[in-house]
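Okay, thanks for coming, everyone.

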Amino acid sequence: MTAAPPTRRVALHALAVAALAGFAISLGGAPYEAYLLAWLGPAGLALALRWLADAARDEPIRRGLGRASLLGLAAGVSANAASCAWAAELFERYGAMPLPIAWLLSLLLFVAQGLPFVLATALAWLLHAMLVERLGARSPSVELALVPSLVIAGSAAPMIFPWRIGNSQTGFLSLAQIAELGGLPLLDLVLASGSVFLLLAWRRRGRARLGAASLACLVVLWPSLWGAHRLAEVRRERAARPSLVVGVVQHDFDVPDRALPERWEEQLAISWELSRELDARGVGLLLWPESSYPWGLDRGVLGLDPAAPDAYPAELGMIAPFTRERAVRVPVVLGAITRDGAGRAYNSVLAIDDARVLGVVDKHRLMPFSERIPFYDALPFLHGLVRPGLEPGPADGGVIVVAGARVGVLNCYEDLMPDYVRALMTHRPSLLSNHTNDAWFGRTRAPWLHHFLARARAIETRRDLVRTVNTGVSGLVASSGETLAWTPTFERRTLRVEVHLSDEQTAWVRFGDWTTPACWALVLAVLARWLGARARGRSPTPPPVLA
């Protein structure tokens, strides 16, 4: 005879704790950066799962999979509602949607963004079921199972605005340095395991408490001590490397202004005025934001079309009037929409010097719906109804050699894609340059969150990252992960920053994500033992699970 399902009171308490866990994780991000509070997140989620397991002690554990998934959903929705609350304003302002519809779409976004938490709690519950039902585990299996599950889910579940629990520790500079060894998955693992061991130390007694506390200290203190030593080393190495003074233009054109062709000449004039100010202060390179040249450019005229490789770049008289007016004395790297002879459009970043195109990089990771219709090529019935949008550039990104530096270009939110940046590093850039237009987010926390999430790329690659953003946040993130300069949002600003060039190849760049495969290996080992026990006909009746 099986016991009744967990009481409603226990279920509600578990849901509340799971939601608070997600909220705690979100507090580790911008603008709060309360990274210590984020350590309550995995522990809170593990505690909610433990309550669920204890309440369902005598029933077949696999029956609790739906309830465990619901805990993950509560955590995921809470975390994303707190960090992405700006979504409703975005839908209402730029999607011209009624507020109720905007909030409904926001909720759907929060659910989609919360899928990694759902996958994590579901996988943790399945691991717990295998450990208990067939292997007779007496350990706190559901808590420990959550650790690899959070790492795996962070890598497996797609997100529109990608972030992981490890991002919450970017402000914890000593600990964040381990990202050069294994990227954000390694930070996920340290945060999840340290948090869960602290929970076990609080709940256990005697030697078990001492053992859990010792493991928590080992997991947290060793990477932090190593990171503190590495941080000092990175600062010394960076100071000794060659430098380049870069001017960053934040021209502050809001979405309605950019939509008015009659204001484009005025906007271009403002960009040149800001550039001349920076040039007068002494810079070696100027950076403009994404799509900062308001008119579309013909790739053939620019000499970028293979069909017309020797074409004279006449249109550059409007972009860079070097030959006639000598507006600035240094190269400019700017964003523009370019079109080829077949009418295909690209979101491009070009480097221009003395009316010559030095290089171009086309954006590869296009925003779904706003830049590219998903699965357009596989859905022929759409071809006569709508245009596909922009064309993607090469998958491994590109480098532009300009001003004596190899500039690795990241267009728009490509600075949030660790795998894309790692592919770009095969071209060995000496610095990273992000060109973005975040005006769509309005006066919300989203631009600060974008800047916060991008900071991890500097640590993973040990490259200085310069961000030039239309309405901010623009800034310089050093190879140590420290933001050395930044601008407020929706203000016309310039930055003059000194970047240091590097050719270092980190372990993350060389080997990529080894943490997630290691966690998968652990899961598969448990599965293999469970299948072996099942084949031998081992009794599925478990002993009591210790709380």
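Quick housekeeping before I go on. This is a predicted model, where local features need pLDDT of at least 70 and side-chain atom pairs count only at pLDDT 80 or more, while totals for chains, interfaces and linings use all residues. Residues are numbered from 1 along each chain as its sequence is written, and side-chain values use heavy atoms, with hydrogens and water left out. Helices (H or I, at least four residues) and strands (E, at least two) are DSSP runs, numbered from the N terminus.

Helix 3, residues 65-83, packs on helix 5, residues 99-113, at an angle of about 120°, and their axes are 8 Å apart. Those axes are lines fitted to C-alpha atoms over the stretch in contact, with angles from 0 to 180 degrees between N-to-C directions. On the helix 3 side, the contact (heavy atoms within 4.5 Å) uses Leu73, Gly76, Val77, Asn80 and Ala81, and helix 5 brings Leu107, Phe110, Val111 and Gln113. Sort those residues and you get 6 nonpolar, 3 polar and no charged; Gly counts as polar here.

Next up, strand 10, residues 465-469. Strand 10 is largely enclosed by the rest of the structure, because 5 of its 5 residues are buried, meaning under 20% relative accessible area with a 1.4 Å probe, protein chains only. Leu465, Arg467 and Val469 point one way, Val466 and Thr468 the other, and all are buried. Thr436 sits opposite Val469.

Most residues other than glycine have a negative phi, and most peptide bonds are trans. Ala30 and Pro31, though, are joined by a cis peptide bond, omega about 0°, with Pro31 in the loop between helix 1 and helix 2. Gly472 and Val473 share another cis bond, omega about 10°.

Asp252 isn't a glycine, yet has a positive phi of about 60°. Asp252 counts as buried, at 17% relative accessibility. Phe490 also has a positive phi, near 55°, and is buried at 9%.

Definitions and conventions: Buried means under 20% relative accessible area, exposed over 50%, partly exposed in between (1.4 Å probe, protein chains only). Two strands pair if DSSP finds at least two bridges between them.
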